[in-house]
Amino acid sequence: PKAISEGTYNPSAMRSRVSFTPSAVVTCVEVEGATGPVRPLMITRFDHITVLVNDVDAAVAGYALLLGRPASWRGTHPELGRQTALFGVGNALIELSGPMPCAPEADGLRAHLAEHGAGLQALAFGTDDADACSFQLRTRGLRVTPPQAGEAHASDGSTRRYRTLEL
């Protein structure tokens, strides 16, 4: 859900990303025409990791101590019942994500955390063309979702928009 431009986080830009669980292996390519040559350009950057936590505020405090700076963005994904914080590290992000209190949309996340505990949920890579990347991954036999639009809302009222593929 993030945009990285020359190492600077840009919350207003819309970007596409490819997310997958750490055990997956992904190769993404760009297709020239329906039957044209294939070039290995679909995944263009590492975007972020997502770390699931039970208490976002406590995790933010810990990461702020570790990294020596506050989170660069905090907000929510209301449709998922999640609260999120982002820390920029070089040209990528660490996303801390946990359930919003009393949000029924987060019941699945709470169950996951109760069973598996906090930890790495996903690696996300950036792509400039989510539709072409999804198509090419499917033609290679990988199970991948079509691009799905998402939004995250900051406490200042700004909105981050993104499209994501999941493997």
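1. The model is predicted: local features need pLDDT of at least 70, side-chain atom pairs count only at pLDDT 80 or more, and totals for chains, interfaces and linings use all residues. Residues are numbered from 1 along each chain as its sequence is written, and side-chain values use heavy atoms, with hydrogens and water left out.

2. Val56, Ala59 and Val60 are the buried residues of α1 (buried means under 20% relative accessible area, exposed over 50%, with a 1.4 Å probe and protein chains only). They lie on the same side of α1 because they cover an arc of only 100° around the axis, taken from the directions from the helix axis to the C-beta atoms. Their cover includes β7 (73-77), β8 (82-89) and β9.

3. At the start of α1, a side-chain oxygen of Asp55 comes to within 3.1 Å of the backbone nitrogen of Asp57. Gly68, with a positive phi near 75°, follows the helix.

4. Pro101 sits in the loop between β9 (92-99) and α2 (107-116). Its relative accessibility is 64%, so Pro101 counts as exposed. Leaving aside residues up to four places away in sequence, Pro101 touches Gln83 and Arg110 (contact means heavy atoms within 4.5 Å). The C-alpha atoms of Pro101 and Arg82 are separated by 8.8 Å.

Technical notes
Helix = DSSP H or I, 4+ residues; strand = E, 2+ residues; numbered from the N terminus. Polar contact = N/O pair within 3.5 Å; in protein donor to acceptor, adjacent residues only side chain to side chain.
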